[in-house]
Amino acid sequence: MKTSLTADEKRQFYRDGFFVLEDIVPEALVKAAQDRYRSAVAGDDLTHEVEFCDLVNESPLTPIMHELMGPFDPVTGTR
């Protein structure tokens, strides 16, 4: 699984300010987040649910984002 960018990809990011990484989040993490969302009932606050934070924290996005932006705290909440 991809955990870093090529020199050309980095140049594109710095030139355009964004970069599209298709299929970067493992399907198991996506499924866990979807299952948690589907199991929610009205009034549930899902802001800090681990399944959503893990979409970044436990995926190859984290090392790539560290490479592009430098260190950052793990995601602890979503909106």
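## Phe72 and the segment after α4

Phe72 has a relative accessible area of 24% and is therefore partly exposed. Phe72 belongs to the segment that comes after α4. This description rests on a predicted model. Neighbours within four places in sequence aside, the contacts of Phe72 are Thr62, Met65 and His66. One of these, Thr62, is also listed among the buried residues of helix α4.

Phe72 and Ala42 are 30 residues apart along the chain, and their C-alpha atoms are separated by 33 Å.

## Overall architecture

The protein chain contains 4 helices and 0 strands. Its radius of gyration is 15 Å, well over the 12 Å given by the globule rule for 79 residues, so the chain is more spread out than a compact globule. Read from the N terminus, the order of elements is α-α-α-α. The C-alpha trace spans about 45 × 25 × 20 Å along the principal axes of the chain.

Of the 79 residues in the protein chain, 25% are buried. Among contacts with a separation of 6 or more, 55% are between residues 24 or more positions apart.

## Surface and charge

The protein chain has an accessible surface of about 5700 Å². Carbon and sulfur atoms contribute 54% of that surface.

The chain carries 8 positive and 15 negative charges. The mean position of the positive charges and that of the negative charges are 5 Å apart.

Which residues of helix α4 are buried? Helix α4 covers residues 61-69, and its buried residues are Leu61, Thr62, Ile64 and Leu68. They lie on the same side of α4, because the arc they cover around the axis is only 165 degrees. These buried residues pack against two other helices, α1 (7-16) and α3.

## Helix α2

Gln34 is a residue of helix α2. With a relative accessibility of 34%, Gln34 counts as partly exposed.

Arg36 is in helix α2 as well. Is Arg36 buried or exposed? Arg36 has a relative accessible area of 18% and is therefore buried, as the cut-off for a buried residue is under 20%. When neighbours within four places in sequence are left aside, Arg36 is in contact with Asp44, Leu46, Glu49, Glu51 and Phe52. Two of these contact residues, Glu51 and Phe52, fall within the range of α3 (50-57).

## The loop between α1 and α2

Val20 is located in the loop that links α1 and α2. Val20 is exposed, and its relative accessible area is 57%. The C-alpha atoms of Val20 and Pro71 are separated by 20 Å, and the two residues are 51 residues apart along the chain.

Asp23 occupies the loop between α1 and α2 too. Asp23 counts as exposed, at 72% relative accessibility. Most residues other than glycine have a negative phi.

## The loop between α2 and α3

Val41 sits in the loop between α2 (27-39) and α3 (50-57). Its relative accessible area of 55% makes Val41 exposed, since the cut-off for an exposed residue is over 50%.

Leu29 and Val41 are 12 residues apart along the chain, and 21 Å separates their C-alpha atoms.

Key: Residues numbered from 1 in each chain as written. Predicted model: local features only at pLDDT ≥ 70, side-chain atom pairs only at ≥ 80, totals over all residues. Heavy atoms only, no water. Buried < 20%, exposed > 50% of the residue type's maximum accessible area, 1.4 Å probe, protein only. Arc of directions from axis to C-beta. Contact = heavy atoms within 4.5 Å. Rg over C-alpha atoms; globule rule 2.2 N^0.38 Å. Areas by Shrake-Rupley, 256 points an atom, 1.4 Å probe, with all protein chains shown as cover. Lys, Arg positive; Asp, Glu negative; His and termini not counted. Charge placed at Lys NZ, Arg CZ, Asp CG, Glu CD.
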